[in-house]
Amino acid sequence: MRFVILTGISGAGKSTALKMMEDMGYYCVDNLPIPLVERFYELSDHASAELQKVAVGIDVRNAQNLGEMQDVLTRLHAEGRQCEILFLDAEDPVLVKRYKETRRSHPLAQGERVDKGIGRERERLRFLKENADYIIDTSRLLTRELKLEMEKIFVNNKEYKNLFVTVLSFGFKYGIPADSDLVFDVRFLPNPYYVEGLRLKNGNDQEIQDFVLQYEEAHVFLKKLEDMIRFLIPNYIAEGKNQLVISIGCTGGKHRSVTLANELYKRLSMKEDAGSDTDPEQEKNAAPNYGLKIEHRDLLKDTQHK
């Protein structure tokens with residue numbers, strides 16, 4: 001039997017994730033009273049095949065009994081019973097924004113601001129996050145991206161490292177992204193903006209890619225950057241980091257930064273030992289053991305038309 005405890009910070013997407021697990025064939029129970037968790041495990045373990053994949057939602061609505069959950073986990077592990085914990089998290093500003101958009105009040109806010117409730121909740125759920133087998137930060141994830149990450153774990157049974165990497169292109173004229181962890185300036189490369197016929201195109205167009213990548217400096221930069229990122233990722237995972245935003249900027253965020261962000265994304269999409277001659281099936285199996293996405297923040301800003 002596969003028994004999963006789905007928990008996390010309110011507003012991080014637990015209800016959505018529980019519905020996804022139901023679609024994956026899991027028997028789901030939300031807000032099960034904590035004193036009943038062990039009993040429910042026993043019933044599921046001795047039930048028919050339809051209860052061999054179970055997900056139980058636990059959150060701060062179990063406030064009075066939440067402290068007992070640590071003892072429940074200790075007993076389950078002591079008895080050799082397999083239990084996985086999926087913890088959903090998100091950055092505080094994102095959570096506050098979500099609460100404002102839905103006009104809901106945080107269960108622990110107690111008439112105060114939402115961020116106060118989030119702080120109390122983080123403290124109460126700290127032990128669950130520390131014991132979690134999987135941590136997914138939904139701050140920058142679309143619903144379909146969250147589904148893909150969960151399918152890696154609960155459908156494809158892939159080894160999952162609790163880190164999601166975002167490669168982000170941007171324009172310095174619009175400011176450095178506030179959530180950047182690493183920022184790289186590629187304005188040292190010639191700017192296709194000043195080349196006739198290229199100004200209105202962007203780094204997703206072949207003409208811009210050919211222009212930027214014709215320079216040896218671009219390839220040297222990509223090689224050194226990839227080497228550094230591959231060195232950092234396992235260290236970030238070991239340190240417990242869940243979200244890594246790599247921002248690559250040029251002047252307007254449309255040409256050089258987009259091209260190089262796309263190239264870095266392609267390189268990080270493959271394992272370190274996967275070569276350029278890898279066949280499609282090998283390439284599929286060479287996917288990295290961390291989540292990865294690409295964004296172009298300023299690609300469509302100030303779009304010009306002739």
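At roughly what angle do the axes of helix α2 and helix α3 cross? Before selecting them, note that this is a predicted model, in which local features need pLDDT of at least 70 and side-chain atom pairs count only at pLDDT 80 or more, while totals for chains, interfaces and linings use all residues. Residues are numbered from 1 along each chain as its sequence is written, and side-chain values use heavy atoms, with hydrogens and water left out.

**The helix pair**

Select residues 37-45 for α2 and residues 69-78 for α3: their axes come within 10 Å and cross at roughly 35°. Here axes are lines fitted to C-alpha atoms, for helices over the stretch in contact, and angles run from 0 to 180 degrees between N-to-C directions. Helices (H or I, at least four residues) and strands (E, at least two) are DSSP runs, numbered from the N terminus. Next show the side chains of Val37, Glu38 and Tyr41 in α2, which meet Met69, Val72, Arg75 and Leu76 in α3, where contact means heavy atoms within 4.5 Å. The residues of this contact divide into 5 nonpolar, no polar and 2 charged; Ala, Val, Leu, Ile, Met, Phe, Trp, Tyr, Cys and Pro count as nonpolar, Asp, Glu, Lys and Arg as charged, and the others, Gly among them, as polar.

**The sheet**

Now turn to the strands, which form an open sheet of 5 in the order β2-β3-β1-β4-β5, with parallel pairing. Two strands pair if DSSP finds at least two bridges between them. The edge strands, β2 (27-30) and β5 (134-137), each pair on one side only. Select β1 (residues 2-8) together with β3 (residues 53-57), and you will see a parallel pair joined over 5 bridges, in which Val4 has Ala55 of β3 as its bridge partner.

**A residue in a loop**

Finally, select Asn31, in the loop between β2 and α2. Most residues other than glycine have a negative phi, but the phi of Asn31 is near 60°, a positive value. Is Asn31 buried, partly exposed or exposed? Asn31 counts as partly exposed because its relative accessibility is 27%, given that buried means under 20% relative accessible area, exposed over 50%, and partly exposed in between (1.4 Å probe, protein chains only).
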